[in-house]
2 protein chains.
Amino acid sequence: MGDLAIRPSAEDDIPALVAMLADDPLGAQRESPDDMSPYLTAFERLTADPNQHLVVAVRDDRVVGTLQLTIVPGLSRRGSTRSIIEGVRVHADERGSGLGTQLIEWAIDESRRQGCQLVQLTSDKTRTDAHRFYERLGFSASHTGFKLQL
Amino acid sequence: MGDLAIRPSAEDDIPALVAMLADDPLGAQRESPDDMSPYLTAFERLTADPNQHLVVAVRDDRVVGTLQLTIVPGLSRRGSTRSIIEGVRVHADERGSGLGTQLIEWAIDESRRQGCQLVQLTSDKTRTDAHRFYERLGFSASHTGFKLQL
């Protein structure tokens, strides 16, 4: 396998990104890979926000992974800035290659670089393999994550 | 009791905000109400970010509650924008008054107004009363929340 690069996403990456979001037990019901328009609108909103970092992992000119890092300043914990990781996906061909670890380590390093004191994420309770993965990387499953659909 | 107003926080509110953050079983160990400087720096960073909404609830000219709402655009779920609630606090004198509900309902309404399709938050696993509260308001405890201190 060729070298891996993690870089900011570009508009041309969107079809590959959406295909990865949809190729997932939960994502399959939530995404619409046949209609790119809502994703293009969202991409514009994302790139206009300097605290959003949507990155892609690229190997041999193919998009093989992605995550979104959000920087959140705040008052609590003595004015700590935290980061939030969302939308972690690794292409089916790359599972077991260590790419998930490289993506999360990139997010941790970037969070440090941005002055964050805390990195957080939530993972659906059904993704038990992912939970072991995050605990191996040093995360603590200290919280319950609540969601409300509008 | 007088009428309640929920409004954007101002720099003058910071001492009252920090006192509420510290008056909490978990916050007591994490905050430094005797040193405002890290909070003032964080407040500047917060107010410079148009996707951050740190609000206070005020009754009879006293700050009695707070929360922070962050708007996070994203690609997943057909380009959904989500909001994240952090740092919910209700003054000890106001507990049981319905103020917590009013704050969360404010956050849900504001999330709708900003075009969000999802509201999410995490709560420490030890805060079991808070968990019942969020479930009564319609939130689903569908996720595990992971944190990593840097």
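This is a predicted model: local features need pLDDT of at least 70, side-chain atom pairs count only at pLDDT 80 or more; totals for chains, interfaces and linings use all residues.
**The interface between chain B and chain A**

Four salt bridges link chain B and chain A, a salt bridge being a side-chain nitrogen of Lys or Arg within 4 Å of a carboxyl oxygen of Asp or Glu. In one of them, B:Glu86 meets A:Arg82 through their side chains, at 3.0 Å from N to O.

Residues are numbered from 1 along each chain as its sequence is written, chains are lettered from A and ligands numbered from 1 in the order in which they are written, and side-chain values use heavy atoms, with hydrogens and water left out. The predictor gives the complex an ipTM of 0.92 and a pTM of 0.93. Chain A has a mean pLDDT of 93, with 99% of its residues at 70 or more; pLDDT is the predictor's confidence in each residue, from 0 to 100.

Now the contact itself. Chain B gives 62 residues and chain A gives 62 residues, where contact means heavy atoms within 4.5 Å. Together the two chains bury about 6,000 Å², 57% of it on carbon and sulfur atoms. Buried area is the accessible area (1.4 Å probe) that two parts lose on being put together, summed over both. B:Leu75, B:Phe146 and B:Lys147 supply 16% of the area that chain B buries against chain A, more than any other three residues.

Strand β6 is next. In chain A, β6 spans residues 140-149 and pairs with β6(B) in the antiparallel sense over five bridges. Strands pair if DSSP finds at least two bridges between them. Helices (H or I, at least four residues) and strands (E, at least two) are DSSP runs, numbered from the N terminus. A:Lys147 stands opposite B:Ser140 in β6(B).

B:Leu137 lies in the loop between α5 (128-136) and β6 of chain B. Leaving out residues up to four places away in sequence, B:Leu137 touches A:Leu148, B:Thr101, B:Ile104 and B:Glu105. B:Thr101 is 36 residues from B:Leu137 in sequence, yet their C-alpha atoms are 7.7 Å apart.
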